[in-house]
Amino acid sequence: MTGHSAGGYLAIMVGLDKTYLNKYQIDANKLAGIIPFSGQMISHFTTRKEKGIDELDARIDDFAPLHFIRADAPPLLLITGDREKELLGRYEENAYMARMMKLKGHKETTLYELQGFDHGGMAQPAFPLL
């Protein structure tokens with residue numbers, strides 16, 4: 001399951017929060033993998049805006065992929081652009097996600113940072129990794 005930016009956020013939310021697929025009698029653990037391109041790992045901008053929370057105020061709640069870290073998740077490949085060119089700390093969010101998944105006991109989490117690419121430009125070089 002994959003997507004870029006907000007699509008990456010949705011892909012990882014659906015893959016980690018098992019309630020979304022359970023509605024359709026699908027076990028999220030049976031996904032071949034979750035591969036968000038520059039996905040948001042804290043609560044998404046839209047959710048925070050709806051709650052009146054500033055875009056720079058990070059939140060990890062039930063609208064954040066980080067809230068659903070678990071050892072039994074499908075393989076996770078996190079791909080971002082260059083940390084100096086990415087959108088508002090997106091690389092760091094993904095690096096934290098990778099670290100927390102590993103600490104939780106997940107054995108198949110990998111993080112790639114695509115040097116020289118910004119948020120919009122990182123998708124093209126990410127496709128071969130997908």
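Q: Two strands pair if DSSP finds at least two bridges between them. How many bridges join β3 to strand β4?
A: A heads-up first: this is a predicted model, where local features need pLDDT of at least 70 and side-chain atom pairs count only at pLDDT 80 or more, while totals for chains, interfaces and linings use all residues. Residues are numbered from 1 along each chain as its sequence is written, and side-chain values use heavy atoms, with hydrogens and water left out. Helices (H or I, at least four residues) and strands (E, at least two) are DSSP runs numbered from the N terminus. With β4 at residues 109–114 and the two strands running parallel, the number of bridges joining β3 to β4 is six.

Q: What makes β3 count as largely enclosed by the rest of the structure?
A: Buried means under 20% relative accessible area, exposed over 50%, and partly exposed in between (1.4 Å probe, protein chains only). Both faces of β3 are covered, with L76, L78 and T80 buried on one side and L77, I79 and G81 buried on the other. β3 is largely enclosed because its buried residues number six of six.

Q: In β4, which residue is the bridge partner of T80?
A: T80 sits on the face of β3 that also holds L76 and L78, and it is buried. Across in β4, the bridge partner of T80 is E113.

Q: How many salt bridges does the count come to?
A: Side chains of opposite charge can pair when their charged atoms come close. The rule used is a side-chain nitrogen of Lys or Arg within 4 Å of a carboxyl oxygen of Asp or Glu. One of them joins K18 and D27, with the closest N and O atoms 3.1 Å apart. By this rule, the count comes to four.

Q: How far apart are the closest N and O atoms of K51 and D61?
A: K51 is partly exposed, at 45% relative accessible area. It forms a salt bridge with D61, and their closest N and O atoms are apart by 3.3 Å.

Q: Is R70 buried or exposed?
A: R70 forms a salt bridge with D72, the closest N and O atoms being 2.9 Å apart. D72 is partly exposed at 44% relative accessible area. For R70, the relative accessible area is 11%, which makes it buried.

Q: Is S38 buried or exposed?
A: Most residues other than glycine have a negative phi, and most peptide bonds are trans. S38, in the loop between β2 and α3, has a positive phi of about 55 degrees although it is not a glycine. Q25 also has a positive phi of about 55 degrees, and Q25 is exposed, at 71% relative accessible area. S38 comes in at 0%, so it is buried.

Q: Which residues does T47 touch, not counting residues up to four places away in sequence?
A: T47 is in helix α3. With a relative accessible area of 12%, T47 is buried. Leaving out residues up to four places away in sequence, T47 touches Y9 and F63.

Q: How far apart in space are L31 and Y91, C-alpha to C-alpha?
A: L31 is in the loop between α2 and β2. Its contacts, not counting residues up to four places away in sequence, are M1, G15, L21, P74 and P75. L31 and Y91 are 60 residues apart in sequence, and their C-alpha to C-alpha distance is 24 Å.

Conventions:
Contact means heavy atoms within 4.5 Å.
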